[in-house]
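I opened my notebook to look up a few things in a protein chain.

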Amino acid sequence: MDKSILDKINRYSQTELNENQVFVFNVILCDNDIDRDSERFSDDALEQLKSLFIGKTGISDHNPKSSLQNARIFDTEVISDPCKKTSDGREYKYLKASVYMVRTDSNRDLISEIEGGIKKEVSISCSASSRKCSVCNCNKNTSSCVHTKGKKYGSQICHTVLSDITDAYEWSFVAVPAQKNAGVTKHFNADDISIKDCITNSFISDMQKELHKDIIRLSFIKGGEPCVRAMRLASSDMNINQLLELKKSLDDYGSESFSSQLFKNHSSSEYTEFSTK
């Protein structure tokens, strides 16, 4: 592990930690795409969240009990993806966080679940003082308008643009995040894997297994055990492109029925405060 990473981690520890004592992983906290609740963060909001999430703790299901605090963010970065566009055609950007956990007996199972892809999806809670309608620019925190989120007006789908972020409280592992892309990520660099390696049968097999896991999880959430059985049978002989399309269909299906995992207007008194060194 690079010494600069340990230096950043040790800003938050009372004792000097070494690389054998910590588990480090990356998380996509949020992005600038329109989410399941027909809301999105502005690019400026991502930059504000980048600063605000440094040092914030990770919990489960937005439950602020101290016993559920299990990880902490030690670095953040806003990344632009030139190969990807948002659903409304803008340049795609996302907020990536580097997270550490201290290896203990009590969190051994959680670390195994993260490494195994079981604990993957995340959601954030923050406060946005501006929530503007994408059609008329009305700030819904102070007034209302006639436009309905998710409804098409002319050539655009109405959604709410979140900006002027005043605080970030925590991030949580959840079952269904409001933002489809939010979650634990794998990281490869030029030293880890080459372009040639990416197209080997082993790599393709790993991708297919990961997609099958996501499809089965989404099937259970959307339709329970009968849906799981049907999707397991339907997807058994699919190639990667077909699996990706099926996963996207499951992601999109029934999204309006889900409640938001993204909390925007809670007062900070509802959350445990954390101090940093």
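**Entry: a salt bridge across the chain**

I looked up Asp 75 and found it partly exposed, with a relative accessible area of 23%. Buried means under 20% relative accessible area, exposed means over 50%, and partly exposed is in between (1.4 Å probe, protein chains only). The model is predicted, so local features need pLDDT of at least 70 and side-chain atom pairs count only at pLDDT 80 or more, while totals for chains, interfaces and linings use all residues. I also noted that residues are numbered from 1 along each chain as its sequence is written, and that side-chain values use heavy atoms, with hydrogens and water left out.

Which residue forms a salt bridge with Asp 75? I found Lys 8, with the closest N and O atoms 2.8 Å apart. A salt bridge here is a side-chain nitrogen of Lys or Arg within 4 Å of a carboxyl oxygen of Asp or Glu. The pair links distant parts of the chain, since Lys 8 is in helix H1 (residues 3–9) and Asp 75 is in strand E4, 67 residues apart. Helices (H or I, at least four residues) and strands (E, at least two) are DSSP runs, numbered from the N terminus. Lys 8 is partly exposed too, at a relative accessible area of 31%.

I searched the whole structure and noted eight salt bridges. In one of them, Arg 131 pairs with Glu 39, and their closest N and O atoms are 2.9 Å apart. This pair also links distant parts of the chain: Arg 131 sits in strand E6 and Glu 39 in strand E2, 92 residues apart. Are these two residues buried or exposed? Both Arg 131 and Glu 39 are buried.

I then looked at Arg 108 and Asp 105, whose side chains meet in a salt bridge (2.6 Å, N to O). Arg 108 counts as partly exposed at 48% relative accessibility, and Asp 105 is exposed with a relative accessible area of 62%. Salt bridges that share partners join Glu 39, Arg 131 and Lys 149 into one network.

**Entry: Thr 76**

I moved on to Thr 76, which is found in strand E4. Thr 76 is buried, with a relative accessible area of 9%. A polar atom of its side chain lies 2.6 Å from the backbone oxygen of Lys 50. I checked the rule for a polar contact: a pair of N or O atoms within 3.5 Å; within protein, one must be able to donate a hydrogen and the other to accept it, and residues adjacent in sequence count only if both atoms are side-chain atoms. Leaving out residues up to four places away in sequence, Thr 76 touches Lys 50, Phe 53, Ile 54, Leu 95, Lys 96 and Ala 97. Contact means heavy atoms within 4.5 Å.

**Entry: helix H2**

Which residues of helix H2 (residues 43–52) are buried? I noted Ala 45, Leu 46 and Leu 49. They are on the same side of H2 because they cover an arc of only 100° around the axis; the arc is that of the directions from the helix axis to the C-beta atoms. The face turned away from the buried side of H2 carries the exposed residues Asp 44 and Ser 51. The buried residues of H2 pack against several strands, including E1 (22–31), E5 (91–102) and E9 (160–173).

**Entry: the cores**

I looked up the largest nonpolar core, which has 29 residues. A nonpolar core is a set of buried Ala, Val, Leu, Ile, Met, Phe, Trp, Tyr and Cys residues joined through side-chain atoms within 4.5 Å. Among the residues with the most contacts inside this core are Phe 25, Leu 49 and Trp 171. E1, H2, E4, E5, helix H3 (108–115), E6 and E9 each supply at least two of its residues. Apart from it lies another core, of nine residues, among them Ile 215 and Leu 250.

**Entry: two positive phi values**

Most residues other than glycine have a negative phi. I found Ser 38 with a positive phi near 55°, in the loop between E1 and E2. Ser 38 counts as buried at 15% relative accessibility. Asn 137 also has a positive phi, of about 70°, and counts as exposed at 53% relative accessibility.
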